[in-house]
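Dear colleague,

I am handing over the structure below, and after it you will find an account of what turned up when I went through it. Please read the two side by side.

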Amino acid sequence: NLSDRLERSFKIIKGEGKITEINVAETLKDVRRALLDADVNYKVAKTFTDTVKQKALGMNVLTAVKPGQLMVKIVHDELATLMGGESVGLQLTNRPAIILMSGLQGSGKTTFSGKLANLLKGKQHKNPLLVACDVYRPAAIEQLKVVAQQVGVPVYSEPDNKNVVEIATNAIREAKAKGNDVVIVDTAGRLAVDEEMMDEIYRLKQALNPDETLFVVDSMTGQDAVNTAREFNDRLDIDGVVLTKLDGDTRGGAALSIRTVVTKPIKFVGTGEKMEAVDVFHPERMADRILGMGDIVSLVERAQEQFDEEEAKRLQKKIQKNKFDFNDFLKQIEQIKKMGNLKDLASMIPGVGKAIKDVDIDDNAFKGIEAIIKSMTPKERTNPEILNNSRRQRIAKGSGTNIQEVNKLIKQFDQTRKMMKMMTGSNMAKMAGMASK
Ligand code: GDP
Ligand code: MG
């Protein structure tokens with residue numbers, strides 16, 4: 001998947017410790033290829049990689065984060081931003097609120113009408129009415145009725161009337177009379193954009209003045225989806241996009257292209273034929289999907305937040321000079337603690353999660369250690385050599401521990417210091433980075 005590819009292309013290049021013009025160019029070739037594979041429009045992919053390049057080169061590489069991972073994160077964030085950043089919900093203000101479906105035949109309008117009615121009924125306690133305005137195929141009304149029955153929502157239809165504006169207007173009157181607060185208008189589509197269809201849906205929109213005009217599109221149609229979205233938007237000025245058939249292994253690149261070309265939010269995704277198979281669109285999750293990765297992004301993110309590059313450099317110098325002291329030790333513990341629950345953190349490391357599922361990692365493990373260090377005087381912290389027996393006794397009392405624990409900690413500290421010195425050019429921040437490989 002893409003995130004592996006990104007990391008790999010960084011590893012091939014020597015001097016992987018830095019994001020440079022050369023390895024960025026190499027990596028972005030991969031990104032561009034992967035985006036095209038995921039159905040992203042060529043121009044969108046190009047603009048995208050240019051933006052990422054600017055960002056990557058302007059970024060300082062943190063000790064705790066591998067450049068390959070950082071690239072993954074930059075790409076991920078940029079993808080999410082391009083897709084709108086945040087989820088956008090429906091704006092339903094009128095009573096009844098009117099939602100108009102548009103899109104080609106087979107895109108999933110009827111199915112999504114049912115799914116949406118179900119969502120509004122369940123989550124928002126609405127009382128929706130479905131309206132059958134696909135009057136060209138006799139089976140269309142039947143299909144909407146079947147869907148409606150599955151979710152327990154009424155359908156308004158006029159089998160002998162071909163005037164969709166009239167049907168919809170009557171339906172709204174009925175909704176008012178019966179207390180339905182949302183009216184969902186399912187319409188006819190054609191196999192390709194044509195004038196007659198566009199004219200009909202345009203007249204419907206003019207007459208109904210809907211709260212939401214949604215454009216429903218099959219995500220498996222790739223580049224065609226983008227062109228169709230553009231044509232519908234030009235004519236209807238849609239309020240949002242519904243991306244259907246995002247189940248299976250559809251990569252979802254269409255989401256990125258549509259959003260970029262049409263600049264209207266994607267509001268929902270359909271993920272199957274069942275009425276429950278629908279989700280509110282989350283740009284972040286779609287970015288994950290396009291990249292094909294799991295929690296690695298959040299791991300990088302937390303590491304990045306918590307490890308201050310300057311601090312890491314300062315520590316490295318101290319270790320090399322064998323000046324690493326208890327103050328530094330305490331700081332490191334605080335940083336590790338800031339990163340959150342240790343078990344959570346460890347479980348995000350690929351391959352480790354399963355292994356530690358049943359292991360007990362105690363977040364209080366540091367409590368005693370912290371208490372002991374805090375009971376030391378500043379002089380003792382910077383010069384651990386002076387910690388003789390009477391000092392140790394005092395510290396044990398002050399920290400509410402005992403002499404054995406104090407001795408143990410000091411011994412551990414000495415060992416750590418020796419080990420650190422042996423691994424010159426290393427520090428705990430870096431070790432955390434290594435662990436997340
Ligand atoms: P319409 O012509 O726009 O009304 O499209 P339909 O709602 O009739 O859907 C066309 C076909 O796509 C039907 O067989 C649906 O079951 C199927 N379909 C709709 N949405 C999804 C989806 O999210 N996932 C899958 N796998 N199939 C879908
Ligand atoms: Mg239909």
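**What was found**

Gln-404 lies in helix 19 (residues 403-422), where helices are DSSP runs of H or I with at least four residues, strands are DSSP runs of E with at least two, and both are numbered from the N terminus. This is a predicted model, in which local features need pLDDT of at least 70 and side-chain atom pairs count only at pLDDT 80 or more, while totals for chains, interfaces and linings use all residues. Residues are numbered from 1 along each chain as its sequence is written, and chains are lettered from A and ligands numbered from 1 in the order in which they are written.

Gln-404 counts as exposed because 9 other C-beta atoms lie within 10 Å; the cut-offs are 12 or fewer such atoms for exposed, 20 or more for buried and anything in between for partly exposed, with C-beta atoms placed from the backbone. Between Gln-404 and Arg-392 there are 9.5 Å in space, C-alpha to C-alpha, and the two are 12 residues apart in sequence.

**The chain as a whole**

The protein chain comes to 20 helices and eight strands, and 41% of its 437 residues count as buried. Of the contacts in the protein chain with a separation of 6 or more, 76% are between residues 24 or more positions apart, a contact being two residues whose C-beta atoms, placed from the backbone, lie within 7 Å.

Eight strands form an open sheet in the order 3-2-4-1-5-6-7-8, with mixed pairing; two strands pair if DSSP finds at least two bridges between them. Its edge strands, each pairing on one side only, are strand 3 (155-156) and strand 8 (278-280). Strand 2 (residues 128-133) and strand 4 (residues 182-187) are parallel and share six bridges, with Leu-129 opposite Val-183 of strand 4. Helix 8 packs on this sheet, where it touches strand 1, strand 2, strand 4 and strand 5, and its direction makes about 170 degrees with that of strand 1; axes here are lines fitted to C-alpha atoms, for helices over the stretch in contact, and angles run from 0 to 180 degrees between N-to-C directions.

Strand 5 (residues 212-218) is mostly covered, as seven of its seven residues are buried. In a regular strand the side chains alternate between the two faces of the sheet. In strand 5, Glu-212, Leu-214, Val-216 and Asp-218 point one way and Thr-213, Phe-215 and Val-217 the other, and all are buried. Strand 5 runs parallel to strand 1 (residues 97-102), to which four bridges join it, and Leu-214 is the bridge partner of Met-101. Strand 5 also runs parallel to strand 6 (residues 240-244), with five bridges, and Val-217 stands opposite Leu-243 there. Helix 9 (residues 223-236) lies across strand 1, strand 5 and strand 6, and runs at about 160 degrees to strand 5.

Helix 7 (residues 164-178) and helix 8 (residues 195-208) have axes that come within 9 Å and cross at roughly 35 degrees. The contact is made by Val-164, Val-165, Ala-168 and Thr-169 of helix 7, together with Glu-200, Arg-203, Leu-204, Ala-207 and Leu-208 of helix 8. By class, this contact has six nonpolar, one polar and two charged residues, where Ala, Val, Leu, Ile, Met, Phe, Trp, Tyr, Cys and Pro count as nonpolar, Asp, Glu, Lys and Arg as charged, and the others, Gly among them, as polar.

**Around the ligand**

Ligand 1 is surrounded by 17 residues, of which the closest are Gly-108, Lys-109, Thr-110, Thr-111 and Gly-270; a residue is near a molecule if its C-beta atom, placed from the backbone, lies within 6 Å of it. Helix 5 (residues 109-123) gives the largest share of this shell, three residues, and by class the shell has one nonpolar, 12 polar and four charged residues.

**Backbone points to check by eye**

Most residues other than glycine have a negative phi, and most peptide bonds are trans. Asn-209, in the loop between helix 8 and strand 5, has a positive phi of about 45 degrees although it is not a glycine. Asp-237, in the loop between helix 9 and strand 6, likewise has a positive phi, of about 50 degrees. A cis peptide bond joins Arg-95 and Pro-96, with omega about -5 degrees, and Pro-96 is found in the loop between helix 4 (67-82) and strand 1.

With best wishes
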